[in-house]
Amino acid sequence: MRPFRPEPLTDFSKEENIKAIKDALENAKRNFGKRYPIIINGKEYKTDKVFGSFNPAHKNELVAEFYAAGEKEADIAIESAWKAFEFWRKFPAEERAGFLFKAAEVLRRRRFEITAWMVYEVGKNWVEADADVAEAIDYLDYYAHQMLELAGNRPLAHIYGENNEYFYIPLGVVAVIPPWNFPLAILTGMTVAAVVTGNTVILKPASDSPMMGYLFMDIMREAGLPDGVINFLPGSGGSLGGYLVKHPKIRMIAFTGSKDVGIWIYEEAAKVRPGQKWLKRVIAEMGGKDAIIVDNEIDEKDIPFIANQIIVSAYGYQGQKCSAASRLIIVEDVYDKILSAVVEEAKRIEIGDPAENKFMGPVINESSEKKILNYIEIGKGEGKLVFGGEKMRGGIYDEGYYIQPTIFADVPPNAKIAQEEIFGPVLSVIKAKDFDDALRIANDTDYGLTGSVFTRNREKIYKAKCEFHVGNLYINRKCTGAIVGVHPFGGFNMSGTDAKAGGPDYLLYFLQGKTVSERL
Ligand code: NAP
């Protein structure tokens with residue numbers, strides 16, 4: 001078996017790849033508006049409640065419709081998942097991993113098709129959507145490899161007169177609750193981590209990206225995964241999601257999303273309800289208020305590169321990444337220079353339809369647009385608006401949720417726009433007295449997900465390594481774009497439980513250890 005290697009990204013400068021994605025986009029469009037079922041134990045279910053998934057770039061374009069599952073379907077799914085658990089937990093780890101390797105192959109083959117649907121469903125450009133699909137392939141491959149390493153007995157010390165064994169077993173039925181912003185990658189990662197470790201899953205996709213969940217189910221079915229191992233339940237977060245969280249027969253919740261929902265889930269899951277025989281396990285990966293620090297000890301010639309990395313971190317996928325840079329902390333000696341380089345770079349950003357692969361597209365939906373615009377209004381009172389600050393208007397922009405990339409300068413570190421997660425293209429620039437002050441400001445939020453430091457001073461790099469309290473610290477590079485198996489991902493403090501997705505310890509969250517001692 002070949003060792004794990006991250007999936008290469010598609011080169012969209014090549015004619016053949018441009019043609020392939022354009023064909024896939026056309027094909028997806030021809031299939032818009034179809035209605036998709038709930039899937040429990042391999043059977044399709046319909047309800048009298050239907051909801052739509054719309055293209056954020058053209059808000060009236062219905063991408064697909066879904067039957068919404070309610071409590072009745074959740075009960076059936078949980079029962080089916082427990083039945084499936086009885087056989088699935090006994091599958092040898094090698095066979096479970098085999099389904100993931102196979103699914104990775106299917107996804108490689110269907111890469112352009114899935115990328116195209118993602119472009120339409122969540123407004124990612126080709127490059128961002130392709131990277132999301134590559135990450136999903138990586139999760140399949142990487143967790144399969146990891147499971148093979150964890151299978152069998154773990155090493156123990158020997159004592160005379162006894163045979164001792166220690167090995168891992170699965171937990172039971174896991175509710176997987178992913179966000180829409182990495183609609184295939186995160187959904188795939190959490191689900192297949194549960195599955196490869198021998199658990200069965202109730203998968204509730206985010207309401208803004210159910211099509212990605214459906215296509216994932218299709219891929220797993222094509223890979224031959226037995227019915228009932230994953231059960232697909234689209235539906236509302238508040239009602240269906242809440243019901244799953246509180247359900248006494250759910251053994252574990254794997255959640256990625258906002259801080260508020262994560263905290264709520266953590267609290268509710270802690271309550272032991274009638275009929276519940278365990279303490280629920282929860283992993284909750286949540287938001288960020290990620291900072292890039294630019295020190296005064298940088299090379300003049302590096303400034304264009306630094307500005308580019310800041311722009312990519314802040315505005316890639318419209319700033320809708322948990323890892324996105326939303327604070328830029330600059331040491332005062334170089335403040336004006338860096339700020340003006342960043343503003344100049346921002347002027348070059350192309351904004352438009354992600355289906356045409358423009359760098360920036362729309363934000364996900366109307367309520368998100370409103371929230372971001374509201375923060376921009378707050379920002380106008382807290383800092384100095386130096387770029388953007390408006391909704392995009394006219395032509396195609398009126399058809400979707402387009403917001404200008406926005407930069408506020410001279411923002412006080414304790415301002416609302418410097419403390420709260422704004423899930424959109426808004427960057428707050430803060431002046432620091434020196435490097436220590438910059439670190440202090442960077443650490444002074446409730447979050448601790450990603451961060452970058454630009455400096456040429458090795459002592460400062462070492463200091464950042466020790467003192468910058470983030471789960472993913474980057475030196476002299478952008479703070480987004482973690483790669484499975486290369487940059488295990490997850491944050492501190494209110495950024496979540498730091499389960500480190502795509503890392504060597506992740507699968508352990510889905511397992512429990514069993515010790516067997518036999519007297520000889
Ligand atoms: P969200 O609103 O918290 O939703 C996440 C998921 O939770 C969705 O499936 C949602 O369903 C569901 N949900 C909502 N309320 C629920 C409830 N009461 N009980 C159970 N489930 C519930 O977050 P989002 O807007 O999708 O995603 C953006 C957030 O995710 C940002 O804060 C971002 O920083 C964070 N994020 C973190 C990471 C990380 O690794 N740390 C990665 C990606 C994103 P509906 O869609 O149906 O509401």
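Figure 1. The chain exposes about 21,200 Å², of which carbon and sulfur atoms supply 51% (Shrake-Rupley method, 1.4 Å probe). Its side chains include 64 positive and 71 negative ones, and the centres of the two sets lie 4 Å apart; Lys and Arg count as positive and Asp and Glu as negative, without His and the chain ends, and each charge is placed at NZ of Lys, CZ of Arg, CG of Asp or CD of Glu. The model is predicted, so local features need pLDDT of at least 70 and side-chain atom pairs pLDDT 80 or more, whereas totals for chains, interfaces and linings use all residues. Residues are numbered from 1 along each chain as its sequence is written, and side-chain values use heavy atoms, leaving out hydrogens and water.

**Figure 2. Asparagine 41 in the loop between strand 2 (38-40) and strand 3 (43-45).** Strands are DSSP runs of E with at least two residues, numbered from the N terminus. Although not a glycine, asparagine 41 has a positive phi of about 50°. Most residues other than glycine have a negative phi. Asparagine 41 counts as partly exposed because its relative accessibility is 31% (buried is under 20%, exposed over 50%, partly exposed in between; 1.4 Å probe, protein chains only).

**Figure 3. Lysine 500 in the loop between strand 18 (472-475) and strand 19 (511-519).** Lysine 500, also not a glycine, has a positive phi of about 55°. With a relative accessible area of 17%, lysine 500 is buried. Of the 520 residues of the chain, 59% count as buried.

Technical notes. Helices (H or I, at least four residues) and strands (E, at least two) are DSSP runs, numbered from the N terminus.
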